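Have the structure open while you read them.

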Amino acid sequence: MSDLLVIGAGLSGLMAAYTAVKAGLSVNVVAKGLGSMHWSAATIDVLGYSPAQPETAVKRPLEQIPALIKANPQHPYALLTNEHIAQALAAFVALSKDVGVPYGGAANPGDNLLLPSPAGAARPAYLAPKGQLAGDLSRSEPMLIVGFEGLRDFFPELIAENLNKLGYSARAAFLPLKLATNRRDFTNVQLAQGMDSKEQRALLGPALKKLLRPGERIGLPAILGIKAHATVLAELERETGAPVFEIPTLPPSVPGVRLYTALRSYLQNLGVNLTAGMEVIHASAVAPNGTPGSIQWVESATSSRPLKLLADKFLLATGGILGGGFNSEMNGRVWETIFDLPLTVPQNRADWFQVRFISPEGHPVFSGGVTVNKAFQPTAGEQPIYGNLWAAGNLLGHCDTIQERSMEGIAIATGVAAAQALSS
Amino acid sequence: MFTESWHSVGPTLDECIKCNICTSYCPVSAVTDLFPGPKYVGPQAQRFRENGQPQSPDHSVDYCSGCRVCNEVCPTGVKIAEINARARAQIVAEEGIPLRNRLLGRNETLGKVGSVAPALANFSLHNSFSRVMAEKVMGIAREAPLPHWSTTGTFGDWFKKTQSVRLKSDKKVVYYHGCATMYYEPFVGKAAVAVFEHNGYEVLVPPQNCCGLPLLSNGEFGAAEGYHQNNINKLLVYAQAGLDIVGTSTSCTLTLKEEAPELLDMHSENVHAITMATWDIFEWLRERHGLGELKTDFSEMNMVLPYHAPCQYRAHRIGKPARDILVLIPGIDLRESQARCCGIAGTYGYKKEKYQIAMDVGAELFNFVADQGEAVEMTACDSETCRWQLEHGTDLPSRHPIEILAAAYGLYDLDKRDLVNR
Amino acid sequence: MHKLETEVLVIGGGATGTGVAWDASLRGFKVILVERRDLTHGTSGRYHGLLHSGGRYAVKDPHGAAECIAENQILRVTHAHCIEDTSGFFVVLPEDEGDYPDKFKAGCDAVGIPCTEISVAEALRREPLLNPRISRVFEVPDGSSDSFLAAHATAQAARNAGAQILTYHEVTNLIMTGGESDRRVAGAMIRNVVTGEEMEIHADITVNAAGAWTGKLAAMAGIQVTIMPSKGTMVAMNHRLVNTVVNRCKMPSDGDIIVPSHTVCVIGTTSVNVPEPEPLRIEPWEVNKMLEEGDKMVPGFAQARVLRAWAGVRPLFQDTYTSGKGRDVTRKLALLDHQEREGVGGFLTITGGKWTTFRLMAEATVDDVCRHLGTERPCTTATTPVPGAEQGNYWLGHRLHDIEEQHLQGQLVCECELVTRTMVENAARRNPLLTLDDLRRDVRLGKGPCQGGFCTYRGVGILHEMKKAGSWEVDMSDEAGSTAKWDVAYLQSPGHNLVSDADGHQSNQHPANTADSFNPNLLLRDFLQERWKGVTPILWGRQLKQERLDELIYMSVMNVDHLPDKELASPVTDFYRFDTRPTVEEVADV
Ligand SMILES: Cc1cc2nc3c(=O)[nH]c(=O)nc-3n(C[C@H](O)[C@H](O)[C@H](O)COP(=O)(O)OP(=O)(O)OC[C@H]3O[C@@H](n4cnc5c(N)ncnc54)[C@H](O)[C@@H]3O)c2cc1C
Ligand code: SF4
Ligand code: SF4
């Protein structure tokens, strides 16, 4: 029994749990598994491209939001004022410092960063982990992009060539793989874990220094340590005398693992029990005539009888189709898996996609989701459906957070706001 | 063979979206190159295996310890550890079972044999000569924390002997003690009986046999099926009478509930009845507490207690019930470990080629315990093999939470590991 | 303009065309084969993958059945490594009972197809997921075949015998000589579709092996060959639900065969008349039908994850074509001697048939070539294994086994299909490659559950790195047919694209290498779109979730929608952009 049960351990769920526990609630978090932080670049994207101008990166996202809302009044950001959003982001920045994975923004406050992507494109992001900041393309130092021979998730020449085409100065270089690992088999996370060891990274700094030309900054794949990341970064900058930045690449996302594990243990210390591997499969609700219903408990699957999870309030943050909050089938039905909340997804498969995989309009199936009121309660018409149910994050409908590059911004802003609403 | 079983576990491989979250958290692939990780050996390799194949194409799956960290973190619900267990069973079916695994899989037989003359058995098992021989001949790591046979008689002996003083009540519960309590750690059973009785329950201990988990984890599915069927035969009447079957071994209860039916594809009504009647003891106590039935007349315990929830809870998917109860005890400063696994993973760490891996995996936990400072006198963990590994890795005694709880009720002496008032 | 001379010009790089090139070059003819895209771009790359035992035709077409079993036994030797010996079941479902099963057995016996009735229990032991309600099961020597590999290996055998294989070379017109009474096809006008260069190939005899496109080619000679294109849709499941080919024991119809093919199993097919051989739409009712039919044979089939759907087109030839349902029009091979038919010399058309009988079709064709060129040279293909065959049949676990033995996990580029970096590099060096799709055909890159989610980026990065390092040279070390470098586990061919001109000078026609067209960003976009095209018809449930992850990777992490070189397009870009989404009417139809 707790005051609040958060379902989902993604960024929105964790921000909500943090906000609620700070407001004095007792909070439990359950999740089927871990979420999208592990897949993304772990930057905080607030608004990278607005649907009205999909080709040009948004320069100042918060200033762009009013226009976005004007064009799309049901957009989740429309539930919030700009001040709310800014405050939530500030809360995240403060929290990131407290948990030991500090985030920062562009040199000119309010601007989007432009960070080199692993394909060499310039990706707009509002906040980024400290280790990515020196990659900001608005800085003028030429870049030395260094890869490791044979690494399958990082191609410095591709990055440099595309950056050059886009007008940024960059060149590529390689180091032997053994400077990064002596494992035969590895993923990015394992490489990063290896870098935690002093012996493993001992030769890296000197080798980088040899490659470096004066005035350059150094871009590396995001494998610079997990626990010792801050130390690794500082060491390399000291040894090379140059700014060093990471370029996160294919999942599993190393910066994502850092952020998740840090948030998780910080919350645990605040008394938030976070249990993954628990899939909520059923909700028990009462709905007296005419008034909003209420959730009595939810049940999760166990090795035997379902486990009742009791709480006063419930917050749903299970993500959308990718997060696992929605499922879909051949006949075009898309449904929310726990409460069967109404969704704005087109219920005909013919209306789900664009012809091109890369389409600035986005695929309609992915912008559908749950509709909530200003208090972040799922609604049918005006009324909240359940008096004690709130929802936040990427399951909210009316926008395609991947197309907009607003995934984390919406997760944080709505997660915080929903928790504030339910705590007040 | 177990061929039908691809039906229930196998299809979950279809859920995999290749994100490698599981690989990022697998404690074994983090410390060794020999294990390519959950996604690789699980949903990915499974597409390259077939029923009745001429040979198993891969063997590294044998390095999976079965800790189920992967299942817990997987966002899509792939039953990775189970897929691995089955692949291992297939290797065993093709290549036969090494003597060592045969032995480690037969916990109960070993227990019985040793209990005839426990002191001698302890000596012959634990002296350094025989450990070296055991390693050479059978590949049982010489340093690994093998248990000691109880020299004060088995749990069964004690329970029989004390029948006359046992509580009689309308409220009854069936106790499933498992092999470890029976032969190595009867005191855990005594603590459990004391806690049940303190809460007004009469304890029934019907005949029962090994749950078969060690066989399952060594890939001997055929033998395990026999074990599980026997248990069903013996326990079914109690389940049908509506009694709860409660166990102190998290692995035995898991096997009764889900592991055996799922891996062996035993899906009859009777099997299901046992699944639904079985409880982990703290799960059961937490349920009582939720209903306001648990006595909370605890005495103050004044201790810093590092607690490690065993991997099997991950498979139970019931959270951490022992933690939820222990925090009710005044004076306990419970330090919950976030370590993924102690390394031992049942019989995994006993094997010569895996001993060091197990210790490296366990380092996360051992370091956590060390970080809790000088005040720590003992650790707690629900699973017997994990406790042995914890003791081995930290040099501190380790207790089952039920011992702690019994002590908090004033019924049990944590140092002597015995009941206070017999 | 570039001019080449040859004795035999083969048009079409499918099973039939490569077979003809192989046969003719073994018989000592000078041969050039031209294919407008990559090898197996046509039906041969979009078929069901069954090495027929002949069982399917035992009742309806005994002659075809006899051809199948004979060729089945030959190909198991000549193309051993392209075949998995899965065996095949014909199962009798409750609704299939009647006299067909007995007729089937008798039919098999009559044409010599080894056919044994086995017990249902035995069948279920071997295929536990089969419908337990089946009443009878017959076992026949069906197999699973890899046509990509087979075409490459056949082409390589032809090269080793002196043939030239030109991919991405399209016939734009036929060169006609003579007057009213002695019209001849004297070769063809060819366009290199990558560079746009035109060339003339003069040939003594031209073989039209353009599959469903043969009608179009014949038209260039003013000849009418009526081909009725009949589309067949197939659906691949995420993993093998059966390891044996499973056929319904009844008159052939829609969705009655499940073929295990590498890591997937494929159910097919439908049969729908279409106006053009390309592009092909896959309609929801077809997917629905396949899943429903699959579920009858393997309960639960319809709930399993669908990986992808595609369609191929049967070049059904009927001389006196009126109308008819696709499956009833003859599927026999049709060898048209245009000298005899229309009085046009130097021109043969070979079409129809099955993949299983491609060698036989080639033999018949080249027999005719000999006749026309006035020589008598015996066919030797039936007893001459192609390069790689010495390695024996492939088995499902081969790659897993190999990678584990060599600890190559960290080198995996395509994790789903276990494609290593070395495999990609070798394939790129040896095969003409314009798109990643060509690599997919060579090494199975991107064919697994994530449908290119991870390997598209990696594949592009590796090719780009090779290009930059100048290490993308054609590797000729296999010239003498040595197979040292290609193990069956890699399922890739040792081919390369060398052309000798009139004075014997060899030049590399590797399109990506010769043209300056290599552009990593185009490669990336093309392949993402190619994969998308094949998944949109089946995108729901788990595959939809996967696609959203892929989108996250390519939009959010990579930002590929804002990479430079947007205006570039390759000769296949438009093909990949074909709209395969279900329409409202089609959805309503289901
Ligand atoms: C749905 C379906 C399923 C099938 N399943 C099986 C099966 O399981 N087993 C089996 O044995 N058979 C099967 N078949 C039959 C088999 O696939 C075909 O018979 C065989 O692939 C035909 O090969 P082909 O070389 O004649 O034609 P294709 O493979 O179509 O080759 C023709 C080639 O000509 C090229 N071309 C066209 N125009 C030009 C031009 N102007 N210049 C240069 N090149 C040109 C095309 O690009 C193409 O690559 C199936 C067929 C279909 C449609
Ligand atoms: S069960 Fe444990 S050891 Fe085995 S793959 Fe999963 S995480 Fe790794
Ligand atoms: S975490 Fe789950 S979905 Fe992701 S790779 Fe592992 S098994 Fe697949």
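1. Leaving aside neighbours within four places in sequence, which residues is A:Phe339 in contact with? Keep in mind that this is a predicted model. The partners of A:Phe339 are A:Ile7, A:Ala283, A:Ile295, A:Val298, A:Leu316, A:Tyr386 and A:Leu389.

2. The largest nonpolar core has 287 residues, and A:Phe339 and C:Leu463 are the ones with the most contacts inside it. Helix 12 of chain A (residues 407–423) gives this core its largest share, 10 residues. There is also a second, separate core of 101 residues, which includes B:Ala180, B:Met182, B:Met301 and B:Phe368.

3. Staying in chain A, have a look at A:Leu25. You'll find A:Leu25 in the loop between helix 1 (11–22) and strand 2 (27–31). A:Leu25 counts as buried because its relative accessibility is 14%, and the cut-off for buried is under 20%. Not counting residues up to four places away in sequence, A:Leu25 touches A:Asp3, A:Leu4, A:Ala20, A:Leu422 and A:Ser423. As for A:His229, that residue is 204 residues from A:Leu25 in sequence, with 33 Å between the two C-alpha atoms.

4. Now chain C as a whole. Chain C has 18 helices and 24 strands, and 67% of its 590 residues count as buried. Taking the contacts in chain C with a separation of 6 or more, 76% are between residues 24 or more positions apart. The chain exposes about 17,800 Å², with carbon and sulfur atoms supplying 50% of that.

5. Ligand 1 deserves a slow look. The ligand is surrounded by 36 residues, and C:Thr16, C:Glu35, C:Ser44, C:Leu50 and C:Thr356 are the closest. An oxygen atom of ligand 1 sits 2.6 Å from an N or O atom in the side chain of C:Glu35. With the backbone, a nitrogen atom of the ligand is 2.8 Å from a polar atom of C:Leu50, and an oxygen atom of the ligand is 3.3 Å from a polar atom of C:Gly353. On its own ligand 1 has 1,000 Å² of accessible area, and the protein covers 96% of this. The elements giving two or more residues to the shell are helix 1 (15–26), strand 10 (169–177), strand 13 (227–237) and strand 18 (306–317), which belong to chain C. By class, the shell has 13 nonpolar, 18 polar and 5 charged residues.

6. Ligand 2 has 14 residues around it, and B:Cys26, B:Cys64, B:Cys67, B:Arg68 and B:Cys70 come nearest. Helix 2 (27–31), helix 4 (69–73) and helix 5 (80–95) of chain B each give two or more residues to that shell, which divides into 10 nonpolar, 3 polar and 1 charged. For ligand 3, the nearest of 14 residues are B:Cys16, B:Cys19, B:Asn20, B:Cys22 and B:Cys74. Here helix 1 (21–25) and helix 3 (38–46) of chain B are the elements with two or more residues in the shell, and the classes come to 10 nonpolar, 2 polar and 2 charged.

7. Is C:Glu84 buried or exposed? C:Glu84, in strand 4 (residues 83–84) of chain C, is buried because its relative accessible area is 5%, against a cut-off of under 20%. The C:Glu84 side chain makes a polar contact with the side chain of C:Arg240 at 2.5 Å. Among the other residues that C:Glu84 touches are B:Glu50, C:Tyr394 and C:His262.

8. B:Asp265 is another non-glycine with a positive phi, about 55°. B:Asp265 is in the loop between helix 15 (250–264) and helix 16 (269–277) of chain B and is buried, at 17%.

9. Finally, two peptide bonds to check. The bond from A:Pro251 to A:Pro252 is cis, with omega near 0°; A:Pro252 is in the loop between strand 10 (244–247) and helix 10 (254–269) of chain A. The bond from C:Glu278 to C:Pro279 is cis as well, with omega near -10°, and C:Pro279 is in the loop between strand 17 (272–273) and helix 7 (284–297) of chain C.

Methods. Residues are numbered from 1 along each chain as its sequence is written. Chains are lettered from A and ligands numbered from 1 in the order in which they are written. This is a predicted model: local features need pLDDT of at least 70, side-chain atom pairs count only at pLDDT 80 or more; totals for chains, interfaces and linings use all residues. Side-chain values use heavy atoms; hydrogens and water are left out. A residue is near a molecule or strand if one of its heavy atoms lies within 4 Å of it. A polar contact is a pair of N or O atoms within 3.5 Å; within protein, one must be able to donate a hydrogen and the other to accept it, and residues adjacent in sequence count only if both atoms are side-chain atoms. Accessible areas come from the Shrake-Rupley method with a 1.4 Å probe; for residues, only the protein chains shown count as cover. Helices (H or I, at least four residues) and strands (E, at least two) are DSSP runs, numbered from the N terminus. Ala, Val, Leu, Ile, Met, Phe, Trp, Tyr, Cys and Pro count as nonpolar, Asp, Glu, Lys and Arg as charged, and the others, Gly among them, as polar. A nonpolar core is a set of buried Ala, Val, Leu, Ile, Met, Phe, Trp, Tyr and Cys residues joined through side-chain atoms within 4.5 Å. Buried means under 20% relative accessible area, exposed over 50%, partly exposed in between (1.4 Å probe, protein chains only). Contact means heavy atoms within 4.5 Å.
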